[in-house]
Amino acid sequence: MKIALVGNQNSGKTTLFNLLTGTNQKIGNWPGVTIERKTGIIKYLNCELIDLPGIYSLSPYTMEEEISRKYIIQEKPDIIINIVDSTSLERSLYLTTQLMELNIKVIIVLNMVDRLEKKGIYIDKDKLSKEIGTDVVEISALKNTGIDELINIIKNCNIKSYEKEIFESNIENEIIKVRIKYNVNRFEAIKILESDKLYSKYQTQDIKKLREYLETTYKMDTEELFASKRYEFIGRLKEKVTNVKPAEENISDKLDKIFLNKIVAFPIFIVIMFLVYYLSVGVVGSSSTDFVTNLIDKFGQTTRMFLLQSGASNWIVSLVVDGIITGVGAVLGFVPQLIILFLCISILETTGYMSRITFLLDKFFRKFGLSGEAIIPFIVGLGCSVPGIMIARVIKEEKEREAAIILTPFIPCSAKLPIIAMFSGYFFGDKSGLVSASLYFLAIAIILISAFFIKKFFTKGMGTSFVSELPEYKLPSLKYIVKDVSDKVKEFVKRAGTIILTCSIIVWFLLSFSWKLEYAVNIENSILASIGKTISFVFYPILGTFSWEAAVSAIQGLVAKEQVISSMNIIAGLGKDLSSSLSIFNSETFSFFTKPSAYAFMAFNLFSAPCFGAIGAMKRELGSTKKTLKAIAFQITLAWILASIIFNVGTFISNL
Amino acid sequence: MLKRRQRCILSKLKKGQRARVIGINLDKTEMRRHLLDMGITKGTEILIKKVAPMGDPVDIELRGYELCIRKEEMKYIEVEVVE
């Protein structure tokens, strides 16, 4: 049996899905969390449950609506569970009136009933059930109440097709005429009368006459007519089944008086973003990273001693210590910083503040051809570009969505953080916090300027959309945040154990062997060196010197950005006389770095093509290889030009 | 200052004002369809509830829920001031 979960955005669908299936999908207190449909199996029942993106109507206005509408109409689930935000009953039931036309059994789930009392709303569930002729269950997905009853109803549901007439008789008569003429269901008949573009083949003279009759009778076009009549029906229903006391100003409204205040809203926003940054990238984050890096160093030394004592051959010691521990350790050292960053993003998402950010910045972003919604991919992209790129689907306007997909990788993601932290930490000492902050601002500036140019030259007249709501502020659920953060950290550590581990071994091999496969060759004669030397000229304008070591490391950023650091560590360690307690910038290999070239190299790694994972996501979301290649060419060119300018201008200034 | 029963477009209203929808001045477009779907139909009462610090977008209350909407869309909504 197939059951579809349908409801408005932010109605608690994903929370209910997780409760029913026992999985743990991402939840956010902002619209559009479910961006693809997801399938799970309901515990105790052998039913497939499909979580569809949140929609307000079955008219395909957004991409999410398109996905949901297609699924429901083409795949015909056996049951629709219509989750309804009981605190916004009227708007939620609008979708219900459309679901009631599909000849599919509908179970109505009134969610968030725990919040009704506070809002002064009373709903007579039994009366509602009687009035609309189908099952109604009250639940609170957040508090986990009413779920058993819902499961019982699903279990005992002897599927009856379900349809309900809700309009006055002269409208119903017209609908019946269309249904008889074309042998279609109620939903399709109404769409034909509305002259929906998907049903254009049905638009004959007869239909035109029926439509004209309705339009002259009601003095409005059929689209407006059906929307009004649906809301009229809901209005009458609401009269009968609910009792609303005038609500007092709620906490969210009070908080919004501060967070959306004309004068303090922006200062608060800046303080919050600064806090996120300060905790994860700044002092707190970097000192925790120093601590872990030290531990890993000690571990490396101990392992070396142990291996040597137990008589392991030189190359095994080198592979384990210089290859694996150095490479993987360089990345693992940043785990504490990532935990803090993921924690901050998770809190922003679940409290509802993220939606306020889109509301606040919409007008500003629009000057550059983006909407406030574009900030969601950018903020999520602070964690990882892949979900950032995927979440860009919340943007309705196609051109704007494409711009956001191409620009999201410019945001310094968690994997780029190690690069920034390592370079700015060493070269800018006390000012390292300021320097890393400047890179974030540079990223924002580049994004806005690029968006402006994309709009001006490539996608003329790009419109933007803003379809959002301000959800109520919620205290984040500790349980959820712990789970969310640990999932993301696990993913990062898993990458360190798989991709980074493999690459570290490969880099070690390419560095330790010559083309003739001789071990322990001078590093200058290694395979990697010869590859690097042929391409190092590309980086000359950025580094001011030919460094094959930096060149091969930067290119490995394609595999994973943190690999740049791993590779540099392995090369420095294998190369010359690096005593382990010192930074790789004290080694002969990388001692050429100056402040300008360090900054330029960071900028290059930040803005050039993202890792393969993100490139894959870009291709999926842009839906075209050509567009993806163009986007990557754009990113690399921009990164190269920008880094060259930074290096040359920086060097010029420091020589003054 | 807008007077009671005066006709105007929704974007002219200030925070805290209420108005009743007369109609949407748009041809058959996606935007119009969306506004209708969200419940902005003839006779609906709208309250201007929250305004973003830069003056746009605006959070309106209608039919017992809140909706964020831009000035750009609001100027197509013809209303009659209630208070």
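How many salt bridges does the rule find across the interface of chain B and chain A? It finds 13. Bear in mind that this is a predicted model.

## Where the chains meet

Let's start with the overall contact. Chain A puts 46 residues into it, and chain B puts in 31. Together the two chains bury about 3,400 Å², and carbon and sulfur atoms give 52% of that area. The interface also has 18 residue pairs in polar contact, counting pairs with both residues at pLDDT 80 or more.

On chain B, several elements each supply at least two residues to the side that touches chain A: helix H1 (30-37), strands S3 (45-51), S4 (58-62) and S5 (65-69), and helix H2 (71-74). H1(B) gives the most, with seven residues. Sorted by class, this side of chain B has 15 charged, 12 nonpolar and four polar residues.

## Salt bridges, across and within

Side chains of opposite charge can pair when their charged atoms come close. One such pair joins Asp56(B) and Arg366(A), whose closest N and O atoms are 2.6 Å apart. Asp56(B) also has a backbone feature to look at: the peptide bond from Asp56(B) to Pro57(B) is cis, with omega near -5 degrees. Pro57(B) sits in the loop between S3 and S4 of chain B.

Over all chains, the salt bridge count comes to 46. Among them is Glu172(A) with Arg186(A), where the closest N and O atoms are 2.7 Å apart. Glu172(A) is in helix H7 of chain A and Arg186(A) is in helix H8 (residues 186-193), so this pair ties together parts that are 14 residues apart in sequence.

## H7 against H9 in chain A

H7 (residues 169-182) of chain A also packs with H9 (residues 205-218) of chain A, at an angle of about 170 degrees and with the axes 11 Å apart. That angle is over 145 degrees, which makes H7(A) roughly antiparallel to H9(A).

The H7(A) side of the contact includes Ile171(A), Val178(A) and Tyr182(A), while the H9(A) side includes Ile207(A), Leu210(A), Leu214(A) and Tyr218(A). By class, the residues of this contact are eight nonpolar, four charged and two polar.

## Positive phi in two loops

Two residues of chain A other than glycine are worth a look for their backbone angles. Asn10(A) has a positive phi, near 60 degrees, and lies in the loop between strand S1 (2-7) and helix H1 (13-21) of chain A. Lys219(A) has a positive phi too, near 55 degrees; its place is in the loop between H9 and helix H10 (222-241) of chain A.

Technical notes
Residues are numbered from 1 along each chain as its sequence is written. Chains are lettered from A and ligands numbered from 1 in the order in which they are written. This is a predicted model: local features need pLDDT of at least 70, side-chain atom pairs count only at pLDDT 80 or more; totals for chains, interfaces and linings use all residues. Side-chain values use heavy atoms; hydrogens and water are left out. Contact means heavy atoms within 4.5 Å. Buried area is the accessible area (1.4 Å probe) that two parts lose on being put together, summed over both. A salt bridge is a side-chain nitrogen of Lys or Arg within 4 Å of a carboxyl oxygen of Asp or Glu. A polar contact is a pair of N or O atoms within 3.5 Å; within protein, one must be able to donate a hydrogen and the other to accept it, and residues adjacent in sequence count only if both atoms are side-chain atoms. Helices (H or I, at least four residues) and strands (E, at least two) are DSSP runs, numbered from the N terminus. Ala, Val, Leu, Ile, Met, Phe, Trp, Tyr, Cys and Pro count as nonpolar, Asp, Glu, Lys and Arg as charged, and the others, Gly among them, as polar. Axes are lines fitted to C-alpha atoms, for helices over the stretch in contact, and angles run from 0 to 180 degrees between N-to-C directions. Angles under 35 degrees count as roughly parallel, over 145 as roughly antiparallel, 65 to 115 as roughly perpendicular and the rest as oblique.
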